Amino acid sequence: MSDPGASAASSPAPPTPTGPRPKMTSSGRSAVPISSSNSDSTDIPEFEPFGLPGPRGFPPLTDYLDILEVDMMRLPEETNKQQHHTNFYNSDYLVVRRGQEFEVKITFNRPYKPASDKFAVEFVIGSSPQFSKGTYIPVFPHNERSSPWEGSITNTADDTVTMGVTAAATCIVGKYNMYVAVVTPFGIRRTRKDKSRNLYILFNPWATADAVFLDDEKERDECVMNEMGILYHGAYDDVAERNWNYGQFNFGVLDACLYIMDRSDMPITNRGDPIRVTRKASAMLNSRDDEGVLVGNWSGDYTYGVAPTSWTGSTDILLTYASGQMPVCYAQCWVYAAVFNTFLRCLGIPSRVVTNFYSAHDTDGNLKMDIILDENGRIDRSRTKDSIWNYHCWNECFMSRPDLPAGFGGWQVVDATPQETSDGMYRCGPASVQAIKHGQICFPFDAAFLFAEVNSDVVFYSRNKDGTMEPVRVNRTHIGRMVVTKSAGDMTRREITDQYKFPEGSTEERTVLEKAEEYGCKRDKSELPPADVDLILPTLEVSVGDDFEMSLEFVNRSDERRTVDIYISGSVVFYTGVTSSEFLFRNPTVTVGPNKSVKESVTVESKAYMKHLVEQANINFIATGKVQETGQIITAMKVITLHNPKLTVTVSEGGRVSEEMTATVEFTNPFSFSLEGVYIRMEGPGVMLSKSKYYSLIQGRTSLSWAEYFTPQRAGDSRVIASLDCPALRQVLGQASITVKP
């Protein structure tokens, strides 16, 4: 008799699967496939009989009401797009918003008789339309049958009926197919499927019943209708701007946004809920775990894609993703935020890009950024792991939050930059701004992480020879120094720090921090006596390639002389706060008389930092020192963003819609060395689609000029924006304002 154990042991191992991971299906667990693609649709029969036909089949239906023509009233100048604020969408189809009436004209073969004729307008979305799921919606001209959407006849003229349809303010957002169905004694006959009768239904911030309703006309115009954005970067005391073309109305962008949701396998039935849509999109805008839109890259090597600093708008990115169906290279935080903003505004969700200066990361929810010093007060870079981003961009979107207590709706933070996982995926939000401000960090989603980004403390630890560490200085005001966004209605910036946090040191702030601690956020409680010597670093404006003086001021507030052993470190850093290389180190000893101040100057030569510069040209100075008489530690930090040369952009005079114009970009290489592999991009909202030009070499001290023709499509004020980018010089920007007459 054979040994069954031996038989089992000798059986071959199952084959290792190769190729792409098999996709989970709904087969066997649901009666019909779960519809998760807006691009999939089903054919509805042109005739649905009420019963079996007789021996000779159904009689001719010529005696009954028949549909000859359907006019979707989809032109930009017609009432539908005008009243729904969708006339800017460059689409051949009707685009309307939910919760608001739109009209279609139906021409029959004879005059419509309300008493005897019965018809319905049917709307279908997805591959498995069902009335109970909200994916098949029949709308009737009278209230003889219930429907989640409202219908009425608004006008009758000869054989033509104008039907008013109001989609429910909670309906699915996406692309629908429309049919007209007529009841005959033998069955229902309807129009055949026709692309011209497709329509898009979007969120509606103008409708009070919609979850994204925003009752502020100026904010609505800015956060839904404006295509011209300004992204803020640099340092909090030297804020820089870059223009961005959101392009939410450009041809193909709306379809690209719907494709993003299809690619995520988001069920069609969830796409009417802005909470679910924004949370899913925050994961899909990055490619970390779902083949989403953008690949993040902070390395400085962009050989296989476009440098993040080179992009000037969202349209190219979204259209490339939708057509190639592969993630687009490359992005950093402001690119993620800008493209996410396009997605939100395109679908009708009010949104804006926000910049937080000195943003805390890698905090693990402990509200501390640790900087380790050795026993002499010098920073220990090998043990200092946390990073403080000079700035970080995220999005705010406006919606109600029925899942939270009253008062926590309104602006919500969403962030597509892949930093930490949330419920297993790289995504963040939506988190209520009010919840962040009031320390309600248990509220979904990811409020604790965002709370730490604006409220962490910078804690300096002294590491003793035996490895023990003790806090020697705590800076409670450095993180979240300033939060800004573009002002509604003009091109200036608006500070909104007070929407995220109470004033530093206030009673309210202490209460909020205590509440956050109750929910598990740990912060440093050290109450250290303030040092009686202050160290002040100046605010400087320095251009790339310049030599400059860094003057450190020591202020002695005591009645005795103080001697300070100071360590001054100058490093080239990425904007994420990560050090690329240290190019300067000084360790002078400074003596300050009682109640006096002394300045210590450090000369910084361009040849010392130029060869180390990375993109965005940030230099971080950290000065730490120890007072000999008291043993107290003093510290100061300053980020200097070196100013790049500018592009000069000029536009020809007398702009009119559909008349050709010229835009010219000029640049002079101010350096003695040549610039290689140079890309220049140019575009403008409503006036110019993205154009680019490549220069293999721009020699030192030489100039270039590039002119392009363009034809404005819309009247009004706009800008032509341009960028120059190459490995040796990133983020060279320029713009020109333009007014286009009708």
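This is a predicted model: local features need pLDDT of at least 70, side-chain atom pairs count only at pLDDT 80 or more; totals for chains, interfaces and linings use all residues.

Modeller: Residues are numbered from 1 along each chain as its sequence is written, and side-chain values use heavy atoms, with hydrogens and water left out.

Biologist: At which residues does UniProt place the feature "binding site"?

Modeller: The feature comes from an unreviewed UniProt entry; such annotations may be inferred rather than shown by experiment. Its residues span 55 residues in sequence, yet no two of their C-alpha atoms are more than 13.2 Å apart, so they gather at one spot. The residues named in the record are Asn-455, Asp-457, Glu-504 and Glu-509.

Biologist: Is Glu-509 buried or exposed?

Modeller: Glu-509 lies in helix α10, helices being DSSP runs of H or I with at least four residues and strands runs of E with at least two. Leaving aside neighbours within four places in sequence, Glu-509 is in contact (heavy atoms within 4.5 Å) with Phe-502, Pro-503 and Glu-504. Buried means under 20% relative accessible area, exposed over 50% and partly exposed in between, with a 1.4 Å probe and protein chains only. At a relative accessible area of 11%, Glu-509 is therefore buried.

Biologist: What is the relative accessibility of Glu-504?

Modeller: Glu-504 is placed in the loop between β26 (493-495) and α10 (507-518). Not counting residues up to four places away in sequence, Glu-504 touches Arg-476, Thr-477 and Glu-509. Glu-504 counts as partly exposed, because its relative accessibility is 35%.

Biologist: How are α5 and α7 oriented to each other, roughly parallel or roughly antiparallel?

Modeller: Helix α5 (residues 274-284) and helix α7 (residues 333-347) pack with their axes 11 Å apart, at an angle of about 155°. Axes are lines fitted to C-alpha atoms over the stretch in contact, and angles run from 0 to 180 degrees between N-to-C directions. Angles under 35 degrees count as roughly parallel, over 145 as roughly antiparallel, 65 to 115 as roughly perpendicular and the rest as oblique. The two helices, α5 and α7, are therefore roughly antiparallel.
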